[in-house]
Amino acid sequence: MNAHADKQLPNRSASKDTSETTTVSVSPSYGESRLAQALRTSVLHEDTATRERARFRAQQWRQVLSGIGSGSLTVGSRTPVAALPAWVTPEVVTGGFVTGSVTAGGPLLPYEEEAARLAGVPATRSELFAHFLTEDGLARLWSLLDSGHYEVHVPEEAALATVAWLVRAGDFDAAAELVTVLRPFADRLRFLPRPTDRPRPAAGAVHRRTVGDAAAALARRRPNAAVETQREALTVWAPFEDDLLAHRLEAASGTPGPHWHADGAALLARYGSLAAEHTRCTKHLNPKSNAAILLRALEEELAGRALAPRLAGLLRVAVTSMVAKRGAPGSPRHARLRRVQADQAALPSHHALAALVLRRISRLDPAGGTADVDTPLAPVDERESVETGLPVGAAVPTAIGNCVRAALSAPPEELVARGVVPSAEVLAELVPQLVATVTADQYADEPLRTLMAGTYCAFRNRRSLLLMNLQHQVRIEELPWLRAVSAHRNAAAGAQEQAEEALRRLGALAVSAFPATVLPNPLVRELSHLGRQAELGTPFVEELAADIFMGTFTPKFLVAARIAADLLEGSLYERYYDIDFARLRRMAVMQAVDSAQRGRPARSAEEFARLCAERAGTSGPSRRPAVNGKVIEQAQILTTHNLATLAARVGITPAAGWAASARDCFDVVCRLVNRMAGRPTLSTIKDTAYAWRQMLFHISLCQDAERAAVLEWIEADIVRRPPLVQARLAPALAGLRLVAAGGSFGADGTGERGRARRLLGWSTDEHWIRADQALK
């Protein structure tokens with residue numbers, strides 16, 4: 001959430017989790033504004049494809065508003081569509097709103113129609129459902145399971161294949177129970193997997209884009225209008241202007257050749273042909289251009305008319321300026337210039353090189369990534385030069401290469417090292433591919449592992465709902481076909497240890513590669529899933545949305561704070577943020593005792609919420625996002641927002657060590673502050689404060705000598721930064737020195753008579769880092 005100012009936001013951030021909220025009314029004004037925006041784009045945008053997408057979005061928002069108005073949609077519920085259970089995948093639009101449609105619904109897809117044709121049954125989903133429960137239908141599903149030649153795009157498409165597997169495994173009771181659950185929806189939901197020509201890619205490597213995605217991106221590349229215009233100017237119009245000028249200089253010499261008039265006529269005819277064929281460069285059409293003046297003068301002379309005084313004057317100026325600028329045609333200076341321009345014009349176009357790379361990757365599997373991106377991006381060889389006309393040795397430009405590099409299939413560590421994964425958010429997109437493999441390895445049967453891996457990846461494409469009343473998003477374990485095969489889990493040895501190792505690996509990678517970044521919610525969900533499998537008791541917490549936060553947290557926030565207390569007591573982090581870890585421990589004990597007495601877990605951590613509000617200087621939930629943001633930030637401080645859980649429960653250590661991560665964080669802080677020329681954006685201030693908090697955590701886990709060295713390095717590094725960075729960070733650095741030396745901030749977060757300040761991200765007043773005095 002990028003809100004810091006005291007104002008009500010029109011929407012919540014779609015990347016934030018909303019499961020930690022209590023009852024709040026949702027105004028239809030947000031949907032109405034999105035509909036209006038889509039309608040404007042559908043009419044006014046210049047691009048046809050963009051207008052078509054906008055029309056589709058507009059129709060979705062009409063469905064949302066109609067459903068809310070009729071009462072068929074319940075905003076904030078885990079079951080927002082009437083008569084549909086939570087496990088059905090709804091169509092979700094921006095903000096977590098549902099349209100009332102389901103992703104596995106709609107008209108039959110071509111592969112379903114083909115299945116009906118082959119089965120000889122009417123092309124309806126209910127008839128298909130019935131057929132695939134027959135002996136012939138089950139045999140077809142068993143064949144798909146054994147070959148692996150199928151895909152699961154939405155989780156429901158794995159349901160009938162799961163039934164078939166259960167029948168073959170002899171678990172008839174589970175199969176019958178699953179059929180009973182599915183049958184009421186057989187007429188409207190797609191329960192069949194999609195046949196393909198190839199099996200699921202091998203496990204272990206991940207890719208950001210498929211080869212097919214890369215090919216589509218290359219195919220969309222068109223000639224660059226500006227570059228091609230310049231190429232035309234250099235290869236067509238520059239030589240013509242040279243010939244035109246040389247012809248004029250011949251006349252100016254006083255002794256034009258006998259063919260001067262014939263050559264002039266040929267030049268005019270040539271101009272007509274060039275102008276008709278080469279239309280990118282239009283400079284010659286400007287009547288004030290040198291070429292146009294020379295052409296007009298030539299036309300007049302060939303017609304036998306004397307030049308008007310004005311045209312004669314313009315002609316003299318044009319000839320003089322052309323010779324002065326480049327030299328006379330044929331002169332050494334002119335020849336050198338034209339050679340350089342010819343070499344420039346001869347450079348292959350990006351469009352042509354993209355077409356070559358597209359041809360190279362066309363032989364690869366479009367449905368997966370590729371382990372080799374170097375061969376498709378090699379320079380042009382002799383054979384290709386003959387076939388395409390491209391010069392031998394021409395290198396593939398970086399922009400084109402990046403399209404293919406995004407399809408690199410490799411361990412995530414390699415993708416990070418090669419820059420294919422530039423952020424924690426992108427890493428979060430890839431992690432489900434690995435987690436799916438770990439999850440599926442809980443099953444001993446290989447066809448079942450493949451089916452479950454496909455189901456997991458499809459489930460992770462499910463968009464989050466806007467939820468209220470402390471509800472949580474639907475978990476994969478709630479899918480009926482997952483429950484049906486649950487008895488067949490844990491057959492593979494070491495599944496728990498494998499999940500723990502994957503959790504440690506991914507957690508360490510995220511913290512090592514992006515030490516200054518708060519773990520994005522999609523990544524938190526994957527780590528939580530692995531933590532449950534590994535049974536490590538890892539309370540991973542999400543980043544909450546300030547605009548609909550209603551002042552409370554689930555118990556796991558207090559558990560996470562207790563872990564931070566055990567890890568960081570007596571640390572620089574504790575002193576900097578003035579945390580009473582003993583009080584947090586007492587709260588955690590009281591919560592555990594209360595849950596034991598009630599015989600059920602608590603639904604919320606009210607004492608923890610009150611502590612966060614107290615530390616934020618607020619009296620409770622507010623309609624002001626900035627107030628809520630301050631409370632949420634205090635929860636992040638007390639829990640370290642998953643860093644303590646990763647370090648203490650999972651046992652991660654950054655690849656280069658905590659000290660190196662701390663230095664990387666400070667570098668990010670300085671780069672963010674360097675963007676603050678003028679009036680800093682509120683989102684940049686927030687990101688700066690979060691990176692600063694991560695830095696303090698990393699410093700606190702250093703050994704004493706390392707910690708002292710990092711603090712000394714920070715003092716030496718800041719003097720090399722731009723004056724703007726030094727000025728903006730001066731109060732924060734003074735605060736760090738104060739606490740490192742054993743001092744403390746006052747109740748208002750300042751020290752040393754206001755010169756030292758605690759750096760936080762959210763503020764209901766003017767943030768001190770934005771104030772003019774920060775630069776004095």
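**First stop: Thr 196**

Select Thr 196, which is buried, with a relative accessible area of 17%; buried means under 20% relative accessible area, exposed over 50%, and partly exposed in between (1.4 Å probe, protein chains only). This is a predicted model, in which local features need pLDDT of at least 70 and side-chain atom pairs count only at pLDDT 80 or more, while totals for chains, interfaces and linings use all residues. Residues are numbered from 1 along each chain as its sequence is written, and side-chain values use heavy atoms, with hydrogens and water left out.

Thr 196 sits in the loop between β4 (194-195) and α8 (211-219). Helices (H or I, at least four residues) and strands (E, at least two) are DSSP runs, numbered from the N terminus. Next, display Tyr 150: its backbone nitrogen is reached by the side chain of Thr 196 at 3.3 Å. Apart from neighbours within four places in sequence, Thr 196 is in contact (heavy atoms within 4.5 Å) with His 149, Tyr 150 and Glu 151.

**The whole protein**

The C-alpha atoms fill a box of roughly 115 × 85 × 55 Å, taken along the principal axes. The secondary structure comes to 32 helices and six strands, and 51% of the 776 residues count as buried. Of the contacts with a separation of 6 or more, 73% are between residues 24 or more positions apart.

**Helix α6**

Select residues 159-168, helix α6. Eight of its ten residues are buried, so α6 is largely enclosed by the rest of the structure. The buried residues are Ala 159, Leu 160, Ala 161, Thr 162, Val 163, Ala 164, Trp 165 and Leu 166. Just after α6, Gly 170 takes a positive phi of about 80°.

**Helices α10 and α11**

Move to α10 (residues 260-277) and α11 (residues 290-302), which pack at an angle of about 130° with their axes 10 Å apart. Axes are lines fitted to C-alpha atoms, for helices over the stretch in contact, and angles run from 0 to 180 degrees between N-to-C directions. The two helices, α10 and α11, are therefore oblique to each other; angles under 35 degrees count as roughly parallel, over 145 as roughly antiparallel, 65 to 115 as roughly perpendicular and the rest as oblique.

Which residues of α10 and α11 make the contact? On α10 they are Trp 260, His 261, Gly 264, Ala 265, Leu 267, Leu 268 and Tyr 271, and on α11 they are Leu 295, Leu 298, Glu 299, Glu 301 and Leu 302.

**Ser 77**

Select Ser 77, in the loop between α2 (48-70) and β1 (90-93). Ser 77 is buried, with a relative accessible area of 15%. A polar atom of its side chain lies 2.9 Å from the backbone nitrogen of Thr 79. Beyond neighbours within four places in sequence, Ser 77 is in contact with Leu 465, Leu 466, Leu 467 and Gln 471.

**Last stop: Arg 532**

Finally, select Arg 532 in helix α22 (residues 521-534). Is this residue buried or partly exposed? At 39% relative accessibility, Arg 532 counts as partly exposed. Leaving aside neighbours within four places in sequence, Arg 532 is in contact with Arg 475 and Glu 477. Ala 499 is 33 residues from Arg 532 in sequence and 8.8 Å from it in space, C-alpha to C-alpha.

Note on methods. A polar contact is a pair of N or O atoms within 3.5 Å; within protein, one must be able to donate a hydrogen and the other to accept it, and residues adjacent in sequence count only if both atoms are side-chain atoms.
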